[in-house]
Amino acid sequence: MGSRFQVVEQGPPIEVFQINKLFTEDTFKNKVNLSVGAYRDETGKPWVLPVVRKTEKQMAADDTLLHEYSPVLGLEQFTKVSVSMLLGEDSPAIADGRAFGVQTLSGTGGLRVGSEFLNKHLKYTTFYYSNPTWENHHLVFVNSGFTQPRTYRYWDAKNRAIDFAGMIEDLKNAPENSVIILHACAHNPTGIDPTHEQWEKIADVMEERKLFPFFDSAYQGFASGDLDRDAWAVRYFVKRGFELVCAQSYAKNFGLYNERVGNLALVVSDAALVPALRSQLTWIVRGSYSNPPAHGARVVANVLADSKLFDEWRDHIKFMSSRVIQMREALRAELIKLGTPGNWNHIVKQIGLFSYTGLTARQAEYLIQQHHIYLLRSGRINICGLNPGNVAYVAAAIHDAITKFPENDDTRAKL
């Protein structure tokens with residue numbers, strides 16, 4: 001008798017994890033990993049933030065900390081400081097009791113809880129995401145019950161900039177009550193963000209068309225080194241009077257990748273609505289993972305609530321973001337020095353972990369096979385994978401790939 005499970009087909013691999021596995025198995029001495037979205041120091045190693053180490057040691061020595069279940073919606077101290085960091089301590093929405101948070105399993109968990117809530121209780125079925133975007137946006141929303149996935153134009157491949165006219169046109173054509181996924185800062189994968197003036201225009205169209213903003217904030221503080229600057233778009237929408245939700249992640253800005261620390265911030269127009277929302281969110285979490293883990297949330301809450309630790313952390317994120325900026329400058333300088341065909345200014349204009357290089361799928365595959373430089377087929381690279389010891393090697397390899405395989409629309413990865 002055959003197995004019941006023989007009907008299960010092999011699923012496709014997740015590209016970023018598959019490429020990381022190939023990198024790990026590669027024995028080439030000078031291999032370079034530009035794929036996974038995680039910070040690396042100047043030696044290419046993961047970096048545990050010193051303030052995180054310090055806080056964990058304090059927690060380990062605290063005999064009053066127990067391993068009891070957390071509340072279903074998470075640690076209250078954590079959700080309060082998270083919403084405050086996002087909206088600003090002086091936010092009228094917080095003062096009015098119209099903003100609150102739910103602890104989630106990192107940013108992905110926030111997207112899942114938020115999208116399931118919008119689908120189940122507001123009956124929203126259409127969502128828009130940028131072309132291109134982080135590939136998990138589509139999967140999470142569809143798995144949450146949304147049945148109408150659509151895209152809005154974002155990346156102008158020819159000019160390596162935002163296709164702003166296309167974006168606005170697509171938003172103007174979106175049906176009422178469509179949920180629009182917006183990257184709060186450091187757009188993944190392009191690294192190009194709208195200007196303040198462009199955000200204002202986006203808000204105008206969304207207000208006029210009655211569209212619902214769902215922000216994804218995975219890089220606050222990490223993108224520019226400035227917490228307030230990176231939260232500008234979200235705060236502007238709140239100031240404009242939008243009701244919205246925002247998924248926050250502490251994977252990048254605290255380096256807590258495997259602790260799955262996140263928050264779903266919700267802003268509504270009337271504080272009287274909050275108890276009902278919290279009650280229904282409780283049931284969504286209960287039917288999913290019951291309640292969140294405590295360790296990473298305690299680390300974040302302790303750091304954000306203590307002014308001395310907070311200042312230390314702020315120095316860490318400035319240090320990380322400045323290293324990324326230095327590596328952008330270094331890569332561009334090396335490519336110019338080699339006379340690599342094309343204009344490379346977009347590398348330094350982009351922000352955050354990633355650069356959408358403009359490399360074609362064929363060029364990316366050549367870099368992997370010939371030079372042991374691992375990146376996504378879309379040409380997205382993690383700038384943190386660069387360091388003073390490998391940036392010249394990477395630039396020379398890119399130069400080689402572009403020279404051997406000149407840009408051709410037929411070989412460009414589908415965005």
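Where does Asn-177 lie? Asn-177 is placed in the loop between helix H7 (164–172) and strand S7 (179–183). The model is a predicted one, with an average pLDDT of 94 and 98% of the residues scoring at least 70. The protein has 16 helices and 13 strands. Its radius of gyration is 22 Å, close to the 22 Å that the globule rule gives for 415 residues, so the protein is as compact as a globular protein of that length.

**Overall dimensions and confidence**

- Taken along the principal axes, the C-alpha atoms of the protein fill a box of roughly 65 × 65 × 55 Å.
- Of the 415 residues in the protein, 53% are buried.
- Among contacts between residues at least 6 apart in sequence, 76% join residues at least 24 apart.
- Over residues 409–415 the pLDDT stays under 50, and the model has 16 contacts beyond four places in sequence for this stretch.

**Nonpolar cores**

- The largest nonpolar core has 66 residues, of which Tyr-219, Phe-254, Leu-304, Trp-313, Leu-331 and Ile-398 touch the most other members.
- Elements that each supply at least two residues of this core include helix H1 (15–25), helix H2 (50–60), helix H3 (76–87), helix H12 (295–305) and helix H13 (307–338).
- Helix H13 gives the most to this core, with nine residues.
- Apart from this core lies another, of 37 residues, with Phe-164, Trp-199, Val-234 and Tyr-236 among them.
- Not counting residues up to four places away in sequence, Tyr-219 touches Cys-185, Ala-186, Asn-188, Asp-230, Lys-252, Leu-353 and Phe-354.

**Aromatic pairs and charges over rings**

- The structure holds 24 aromatic pairs.
- In one of them, the rings of Tyr-366 and Phe-405 have their centres 5.2 Å apart and their planes at 70°, so this pair is edge-to-face.
- Tyr-366 lies in helix H15 (361–371) and Phe-405 in the segment after helix H16 (391–404), so the pair ties together parts that are 39 residues apart in sequence.
- Tyr-366 and Phe-405 are both buried.
- A cluster linked by ring pairs is formed by Tyr-39, Trp-47, Tyr-219, Phe-222, Phe-319 and Phe-354.
- Phe-354 also has the charged end of Arg-380 over its ring, 3.7 Å from the ring centre.
- The charged end of Lys-31 sits over the ring of Phe-23, 4.4 Å from the centre of that ring.

**Backbone features in loops**

- The peptide bond between Asn-131 and Pro-132 is cis, with omega about 5°; Pro-132 lies in the loop between strand S3 (126–131) and helix H6 (136–143).
- A cis peptide bond also runs from Asn-188 to Pro-189, with omega near 20°; the loop between strand S7 (179–183) and helix H8 (196–209) holds Pro-189.
- Asn-177, a residue other than glycine, has a positive phi near 70°, and its relative accessibility of 33% means that Asn-177 counts as partly exposed.
- Arg-260 likewise has a positive phi, near 55°, in a residue other than glycine; Arg-260 is in the loop between strand S9 (244–249) and strand S10 (261–267).
- The relative accessibility of Arg-260 is 33%, so Arg-260 counts as partly exposed.

**Lys-239**

- Lys-239 is part of helix H10 (residues 232–239) and, at 74% relative accessibility, counts as exposed.
- From C-alpha to C-alpha, Lys-239 and Ser-178 are 21 Å apart in space, and 61 residues separate them in sequence.

Note on methods
Residues numbered from 1 in each chain as written. Predicted model: local features only at pLDDT ≥ 70, side-chain atom pairs only at ≥ 80, totals over all residues. Heavy atoms only, no water. Helix = DSSP H or I, 4+ residues; strand = E, 2+ residues; numbered from the N terminus. Buried < 20%, exposed > 50% of the residue type's maximum accessible area, 1.4 Å probe, protein only. pLDDT = per-residue confidence, 0-100. Contact = heavy atoms within 4.5 Å. Phe/Tyr/Trp six-rings, centres within 6.5 Å; stacked < 30°, edge-to-face > 60°. Lys NZ or Arg CZ within 6 Å of the ring centre and 35° of its normal. Core = buried A, V, L, I, M, F, W, Y, C linked by side-chain atoms within 4.5 Å. Rg over C-alpha atoms; globule rule 2.2 N^0.38 Å.
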